[in-house]
Amino acid sequence: SDLTKLFQNNCAIRSGPSQKESMNLNPIWMNFPTKCVQKVTTEVEMKRLIEHHSHSDDVFIVRYHQNSCTACNAVDKAYEFMCHDSKKYFPKLTYYEVNKDDSPELTKGMVRYPQIKGFAGGQWSEIDFKPPSEFREKLLRDVESEVQKLSNHGKAITALEAEEMYFSAAGPSMLLVLEDNIYDFYVKAQTRLHNYWKQVSVRRSWFYKKHIQPHTNPDVVDAAQLTSVFGEKVVFGPSIPTPNDA
C-alpha cells in the first residue's frame, strides 16, 4: 500500500522524493563509514569524563541503551547522525554511549531505555528526543490501520515488525527533536560556562580583595566597597532631596 511505501521508502530528512527509485535518507537505516559516538564501559572512564568536564568548557552527552530494543536502535541511528553533523559546528561537544548489558554498573537506578543525558559544568541535564504526543498518537493509529489492512490481505505482521514500522516512520521526527534539544543544551551550557557578567563580577571582586581592601582603613571598608576602582562616584539610583536642597 501507499502507507507501507511511505514507511519504507519516503521517511526523508531534508530531502525531496526519491530519485531514480533510490531510497531516501532515513536515520533508522543509515550506516556510517566511521563510528563517531564513543563507548564508555567502565566507572573509571566515566569518572574521568566527569572530572575533565567539571573543570572545562567542553560538554558531553551520553546515550543509555540496551540490547534487543527497537526504540534504542532508532535513537542510535539519529544519535550517530547528530554526532557526525555536530563536528562541523560544535567542536566542544562530544558524544558517548553506555550499553546496559555491557556495563550494568553505569546504569544503576535506570528503569527505562533509551535515555540521553548531557553534562556541562558539573551538572547533568535530560535531553528529550520524543516527537510531540499528537504526532505519536497519529502515527500509532496509522500503523495499527496499516497492520490491519495487511492482515486482511493475508499477511500477518508480528509485534516486532509493527514496532519497527512505527520507529522507521518516526525516525526523522525523532532526529529533528533531538537536534533541537542537543543544540539548545549546548548553547545554554556554553552561555552558562562563559557568563560574561559573572566573569566581570569575579574579576572585580578579586581586584578589590587583592589591591584595595589590604590598604583600606577598616573603619571605612563599607564606604570603600561603594567606590569604583576607577574613581568615579557609584550611584545606584536617584538621590533623595534633603531639606537644605529645597
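Colleague: Is F90 buried or exposed in this predicted model?
Modeller: The model is predicted. F90 lies in the loop between α3 and β3. The relative accessible area of F90 is 13%, and the limit for a buried residue is under 20%. F90 is therefore classed as buried.

Colleague: Which residue forms an aromatic pair with F90, and what does the pair tie together?
Modeller: The two ring centres are 4.3 Å apart, with 55° between the planes, and the pair is tilted. The partner, with a relative accessible area of 8%, is buried and lies in helix α5 (residues 159-193). Because F90 is in the loop between α3 and β3, the pair ties together parts that are 96 residues apart in sequence. The partner of F90 is Y186.

Colleague: How many aromatic pairs does a search of the whole structure find, and what is the geometry of the pair of Y79 and Y95?
Modeller: The search of the whole structure finds eight aromatic pairs. Y79 and Y95 form one with 5.2 Å centre to centre and 65° between the planes. This pair links Y79 in helix α3 (residues 70-86) with Y95 in strand β3 (residues 93-99), 16 residues apart. The count is eight, and the geometry of Y79 and Y95 is edge-to-face.

Colleague: Why do Y79 and Y95 count as buried?
Modeller: The limit for a buried residue is under 20% relative accessible area. Y79 counts as buried because its relative accessibility is 0%, and Y95 because its value is 2%.

Colleague: Which residues do ring pairs link into a cluster?
Modeller: Ring pairs link four named residues, including F60 and W124.

Colleague: In β3, which residue is the bridge partner of I61?
Modeller: Strand β2 (residues 59-65) is joined to β3 by seven bridges, and the two strands run parallel. In β3, I61 has as its bridge partner Y95.

Colleague: What is the strand order of the open sheet, and which are the edge strands?
Modeller: The sheet has five strands with mixed pairing. Its edge strands, β1 (38-39) and β5 (123-126), each pair on one side only. Helix α5 lies across β2, β3, β4 and β5, at about 145° to β2. The order is β1-β3-β2-β4-β5.

Colleague: Where is I116 found, and which residues is I116 in contact with beyond its neighbours within four places in sequence?
Modeller: I116 is found in strand β4 (residues 115-120) and is buried, with a relative accessible area of 1%. V62 is 54 residues away in sequence, yet the C-alpha to C-alpha distance between I116 and V62 is 5.6 Å. Leaving aside neighbours within four places, the contacts of I116 are V62, R63, V75, Y79, S125, E126, I127, F129 and L178.

Colleague: Which residue lies over the face of F129?
Modeller: F129 is one of the contacts of I116. The residue over the face of F129, at 5.9 Å from the ring centre, is K130.

Colleague: At what angle do the axes of α4 and α5 cross?
Modeller: Two packed helices are described by the angle and the distance between their axes. The axes of helix α4 (residues 133-152) and α5 come within 10 Å, and the crossing is right-handed. Residues making the contact include F135 and L139 of α4 and M165 and Y166 of α5. The crossing angle is roughly 140°.

Technical notes
Residues numbered from 1 in each chain as written. Predicted model: local features only at pLDDT ≥ 70, side-chain atom pairs only at ≥ 80, totals over all residues. Heavy atoms only, no water. Helix = DSSP H or I, 4+ residues; strand = E, 2+ residues; numbered from the N terminus. Buried < 20%, exposed > 50% of the residue type's maximum accessible area, 1.4 Å probe, protein only. Contact = heavy atoms within 4.5 Å. Phe/Tyr/Trp six-rings, centres within 6.5 Å; stacked < 30°, edge-to-face > 60°. Lys NZ or Arg CZ within 6 Å of the ring centre and 35° of its normal. Pairing = 2+ DSSP bridges. Axes fitted to C-alpha atoms, helices over the stretch in contact; angles between N-to-C directions. Left-handed = near helix turned anticlockwise from the far one by under 90°.
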